[in-house]
Amino acid sequence: MKSVDLTRIYNILFNEFGPQNWWPADTSFEVVVGAVLTQQTKWTNVERAIGQMQKKGLIDPENMAEADIREIEELVYCCGFYRQKAARLKQIAQHFSRRGENNIFSLPVNKMRKELLSLKGIGYETADSIILYAAEKPKFVIDAYTTRIMECMDVSGNYRQLQELFESEIPEDTGLYKEFHALIVEYAKKYCTKKRCTECLLKIRVSGAGENGY
Ligand code: SF4
């Protein structure tokens, strides 16, 4: 795989946007719910659904596990695929309720990842988002934006390959992983999705001299 100066990319993004302080959630289970709901929808829809669920006291594994599936469907309707998402959320809540959130989040990263991936509706990106932002343990999240930006830097790879690249090139630090992923998403929203490629900060500057530190 072609090498890329990830430190430089991080510094460019951080200088441009500053700290992102992700994930915007009050509890770790809210992160879990958000990570499932955000699949194939905009974050504003997720915020709306979470706000509605909060009012009903459903951002809680035990309460959601026992909730009527039709009520969950109604509350997550705005996020699309509402039947599938409601069913998955309920199953995930039942698992968290049975196992205990602390018992899951205190597992070593690889064991936690394996357990999360065994649940329906949790793929690599969702599992790693939960590990990083809910359990607050170091696992770098790769999403479509990261893949796209890396391709623009002439670096191609599948999920595992890109994750290994980030995890081997930057210090293993939960705060840094959180910030870096959030900055990538912010950049992609402001530049890539707006087709601002002619003024791309990364294309223009990544080939230049490196900057120090994180
Ligand atoms: S702005 Fe365009 S060139 Fe730059 S990383 Fe995004 S898609 Fe690639």
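1. Start with the largest pocket. In this predicted model, 19 residues line that pocket. Trp22, Thr38, Glu125, Asp143 and Val185 are the lining residues that lie nearest its centre.

2. Several helices supply the lining. H3, helix H9 (124-134), helix H10 (144-152) and helix H12 (174-192) are the elements that give two or more residues to the largest pocket. The volume of this pocket is about 580 Å³.

3. Next, the annotated span. UniProt, in an unreviewed entry, lists residues 37-190 as "domain: HhH-GPD".

4. Now helix H5, residues 69-76. Which of its residues are buried? They are Ile72, Glu73, Leu75 and Val76. Note that Glu73 is in this buried set. Viewed down the axis of H5, the buried residues fall within an arc of 165°, so they line one face of the helix.

5. The other side of H5 is exposed. Arg70 and Glu74 are exposed residues on the face turned away from the buried side. Glu73 is buried, whereas Glu74 is exposed.

6. What covers the buried residues of H5? The cover includes helix H2 (28-37), helix H3 (43-55), helix H4 (61-66) and helix H6 (82-99). Of these, H3 also gives two or more residues to the lining of the largest pocket.

7. Last, the start of H5. Asp68 caps the N-terminal end of this helix. One of its side-chain oxygens lies 2.7 Å from the backbone nitrogen of Arg70. Arg70 is also one of the exposed residues of H5.

Definitions and conventions
Residues are numbered from 1 along each chain as its sequence is written. This is a predicted model: local features need pLDDT of at least 70, side-chain atom pairs count only at pLDDT 80 or more; totals for chains, interfaces and linings use all residues. Side-chain values use heavy atoms; hydrogens and water are left out. Buried means under 20% relative accessible area, exposed over 50%, partly exposed in between (1.4 Å probe, protein chains only). Helices (H or I, at least four residues) and strands (E, at least two) are DSSP runs, numbered from the N terminus. The arc is that of the directions from the helix axis to the C-beta atoms. Contact means heavy atoms within 4.5 Å. A polar contact is a pair of N or O atoms within 3.5 Å; within protein, one must be able to donate a hydrogen and the other to accept it, and residues adjacent in sequence count only if both atoms are side-chain atoms. UniProt positions are given in the numbering used here, feature names are shortened, and annotations may be inferred rather than shown by experiment. On a 1 Å grid over the protein atoms alone, a cavity is a set of points where a 1.4 Å probe fits but cannot get out, and a pocket is an open set with protein on both sides within 12 Å along at least five of seven lines; lining residues have an atom within 4 Å of a point. Grid points are joined across faces, edges and corners, and a volume is the space filled by probe spheres set on the points.
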